[in-house]
Amino acid sequence: MNEPFVTLQGWVGNDVAFRETKDGPVANFRVGVTPRIRRRDVGWVDGPTSWFSVSCWRMLAENVRDSVRKGDAVVVHGKLRTDVWERQDGQSSTTYVLDAQHVGHDLNRGTTVFARVSRQDRADGDDESEREVKALLHSQVEDLPQLDSQGNVLGQRQSPAA
């Protein structure tokens, strides 16, 4: 058992991409993780946001499709792997992918309601093209926003209710 298991807390950065494959249903999304750093002279500040691609399979994929939305605070636990791929400009890039075993809402950030489901209750999901899912998994980190510790995009004005 040499596979690294990790748990991370962060904010969902996109709508969940769901598709059916020959190996079963898969759901993919990105999670932005922004650490809080204590600096002696200024107190707590937000560090740089790290982005992770998350892949969920089978029943977990279906439940994530039905439960997780962009902007949700989540806790994800699974096997961390690196995916090396070639960009359009011919250069090699690496994406950190978390093959999720568990996904849940972070109850430190809000509330949720649990609803048990059975396979018979499932509706067929929309198919996502292979190219769109790969584009989501391999989007460049520099193309993704920096988040504060509350999951807000830095530099965007928040509504008073937020």
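Predicted model: local features only at pLDDT ≥ 70, side-chain atom pairs only at ≥ 80, totals over all residues.

Student: Okay. Which elements each supply at least two residues of the lining of the largest pocket?
Tutor: Helix 1 (58–67) and strand 8 (92–105) do. Helix 1 gives the largest share, 5 residues.

Student: What volume does the largest pocket have?
Tutor: About 460 Å³. It is lined by 16 residues, and N63, S67, V103, F114 and A115 are the closest to its centre.

Student: And the lining by class?
Tutor: There are 8 nonpolar, 5 polar and 3 charged residues.

Student: New topic. How many residues has the largest nonpolar core?
Tutor: It has 18. Among those with the most contacts inside it are F29, V31 and V54. Strand 1 (5–12), strand 3 (24–33) and helix 1 are among the elements that give it two or more residues.

Student: What does V31 touch?
Tutor: Leaving out residues up to four places away in sequence, its contacts include L8, W11, F52 and V76.

Student: Now charges. How many salt bridges does the structure hold?
Tutor: It holds 7. In one of them, the side chains of R81 and D99 meet at 2.8 Å, N to O. R81 lies in strand 7 and D99 in strand 8, so the pair ties together parts 18 residues apart in sequence.

Student: Which residues are joined with R81 into one network?
Tutor: D83 and D99, through salt bridges that share partners. The R81 and D83 side chains meet at 4.0 Å, N to O.

Student: Is R65 buried or exposed?
Tutor: Buried, with a relative accessible area of 16%. Its salt-bridge partner is D66, which is partly exposed at 41%.

Notes: Residues numbered from 1 in each chain as written. Heavy atoms only, no water. 1 Å grid on protein atoms, 1.4 Å probe; cavity = no way out; pocket = protein on both sides within 12 Å on 5 of 7 lines; lining within 4 Å. Points joined across faces, edges and corners; volume = space filled by probe spheres on them. Helix = DSSP H or I, 4+ residues; strand = E, 2+ residues; numbered from the N terminus. Nonpolar A, V, L, I, M, F, W, Y, C, P; charged D, E, K, R; others polar. Core = buried A, V, L, I, M, F, W, Y, C linked by side-chain atoms within 4.5 Å. Buried < 20%, exposed > 50% of the residue type's maximum accessible area, 1.4 Å probe, protein only. Contact = heavy atoms within 4.5 Å.
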